[in-house]
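I opened the notebook to record what I looked up in this structure. The entries follow the order in which I looked.

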Amino acid sequence: MSRTPPSRPPRVGLVSLGCPKALVDSERILTRLRAEGYELVGSYEEADLVLVNTCGFLDSAREESLAAIREAMEANGRVVVTGCLGAEAERIRARFPDVLAITGPHQYEAVVAAVHRALPPAHDPRFDLVPPQGLRLTPRHYAYLKIAEGCDRRCSFCIIPRLRGPQRSRPAAHVLHEAERLVRAGVRELLVVAQDTAAYGTDLRHAESRYRGRPVRAHILDLARELGRFDVWVRLHYVYPYPHVDRLVELMAEGLVLPYLDVPFQHASPRILRLMRRPARAERTLERIRAWRRAVPDLVLRSTFIVGFPGEREEDFALLLEWLREAELDRVGCFVYEPVEGAAANRLPEPVPPEVAEERRQRLMALQAEISARRLARRIGQEVAVLVDAVTAEGAVGRTYGDAPEIDGRVYLRNAPALAPGDLVWARVERADAHDLYARYVEHQQPVAAGEAASAASASSACTSAAGRSSGIM
Ligand code: SF4
């Protein structure tokens, strides 16, 4: 059973794979375990037990998850598996019959119970210490804020709804209380995530809950407006282009949330979008992008695309390239279609040979590199707000409002005196390439006291100062 010496708390190691949503799950599990007196350690050797939070979205992610389980089994031998791949327990058991327990995605209670069985908690109040904002795996100055689990859509290439179930939104007050705790703890950027962020609250019929004495609807517009009052950067990810997204753009124009939209368009050919079971019509999308940019000229748009989808012909791909030339998106990720086991799209005729799909991906990314470079070059000479992520020997590395952590570009700062991660500074852009900006530090922005920000009732916003200064907008 347990192999913890009585003199010390039980030690748990964690391997967290997958998307930001899975990272949030890991943080919740660790917060709970830490609150119960478990110690978190960073190596297999120190751990009494290793938790592997898996991803099962694409076949490549499954292989990565299986490799992580194998590594943990070989290096430690006492392993609990959770996360998306946990929904396929038999498959894991077939390969690793000695894993201690397997639980599926979002089964917090089941994961914690499995850890209790394999490694009972220490009942020592000295270890029952956990910061009120919970434990986070992201740096202290930014945090992911998960507003819903699961998905009600049925995109033909995706098995997330099967793995994670239908959408279940958190009441708005829960989300806002968590945001408040994070801001009090020093977080300066909230990254709002869900499988389909714009659909937030539909399962709750947009029910109201009370936050600080006032009712707030479980609706993305109301939630975004409330989050905007915290006076930190608020970044919206995975926004499906429903009609009411146009009204989110109005909140950006007001400076309440960052003028940054991560909209997964996936393709531009109406025929392929139909096969993908995505309702968006490409021509209409271009019109909407133009309208968004008219309302918020500095809007940064990120999207992802799939090439080599079954049935994608050269003319569909040409249409996608043409659409991208017109749309001039700022940031783009492109993936080759992977026939994920269980996805409806696998039954479609006309599969695209892998080498053709890969060649299309490269052509798309080459075009996008030109577009991104052109868009970033407009920033040269401007003064931009930069949130510092790390300090280096040469200066510091940070991001503008146009860059989400991990997935977008960076700003490399030189002449950066006495900076610390989480500082918000002004910098003048000297150079740009297809991904990154190179800038010179100018001065610090006036910090907002975390406590003040958390209880801020005014709608004055850090997002406004993120986006603008007289000498230039970014
Ligand atoms: S919106 Fe589509 S791609 Fe995204 S999780 Fe739901 S089904 Fe999957």
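**Entry on a helix pair.** I am working with a predicted model. I began with helices α6 and α7, which are roughly parallel to each other. The reason is the angle: α6, residues 172-184, and α7, residues 220-227, pack at about 25 degrees, and angles under 35 degrees count as roughly parallel. I noted that the axes of α6 and α7 are 11 Å apart. I also looked up the hand of the crossing of α6 and α7, and it is right-handed.

Which residues of α6 meet α7? I found Ala-172, Val-175, Leu-176 and Ala-179 on the α6 side. On the α7 side I wrote down Asp-222, Leu-223, Glu-226 and Leu-227. Sorted by class, the contact of α6 with α7 has six nonpolar residues, no polar ones and two charged ones.

**Entry on another helix pair.** I turned to helix α1, residues 20-35, and helix α4, residues 108-118. Their axes come within 10 Å and cross at roughly 45 degrees. α1 and α4 are therefore oblique to each other. The crossing of α1 and α4 is right-handed.

I listed the residues that make this contact. From α1 they are Arg-28, Ile-29, Arg-32 and Leu-33. From α4 they are Tyr-108, Val-111, Val-112 and Val-115. How many residues of each class are in the contact of α1 with α4? I wrote down six nonpolar, no polar and two charged.

**Entry on the barrel.** Next I followed the strands. I found a closed barrel of five strands, in the order β16-β17-β18-β20-β19. The pairing in this barrel is mixed. Neighbouring strands of the sheet are turned by 50 degrees against each other on average, with direction ignored.

In which sense do β18 and β20 pair, parallel or antiparallel? Strand β18, residues 411-414, pairs with strand β20, residues 437-444, in the parallel sense. I noted four bridges between β18 and β20.

**Entry on the ligand.** Last, I looked at what surrounds the ligand. I listed Cys-151, Arg-153, Arg-154, Cys-155, Cys-158, Ile-160, Pro-161, Gln-195 and Asp-196 around the ligand. How do the residues of this shell divide by class? I wrote down five nonpolar, one polar and three charged.

Definitions and conventions:
Residues are numbered from 1 along each chain as its sequence is written. This is a predicted model: local features need pLDDT of at least 70, side-chain atom pairs count only at pLDDT 80 or more; totals for chains, interfaces and linings use all residues. Two strands pair if DSSP finds at least two bridges between them. Helices (H or I, at least four residues) and strands (E, at least two) are DSSP runs, numbered from the N terminus. Axes are lines fitted to C-alpha atoms, for helices over the stretch in contact, and angles run from 0 to 180 degrees between N-to-C directions. A residue is near a molecule or strand if its C-beta atom, placed from the backbone, lies within 6 Å of it. Ala, Val, Leu, Ile, Met, Phe, Trp, Tyr, Cys and Pro count as nonpolar, Asp, Glu, Lys and Arg as charged, and the others, Gly among them, as polar. Angles under 35 degrees count as roughly parallel, over 145 as roughly antiparallel, 65 to 115 as roughly perpendicular and the rest as oblique. A crossing is left-handed if the near helix is turned anticlockwise from the far one by less than a right angle, and right-handed if clockwise. Two residues are in contact if their C-beta atoms, placed from the backbone, lie within 7 Å.
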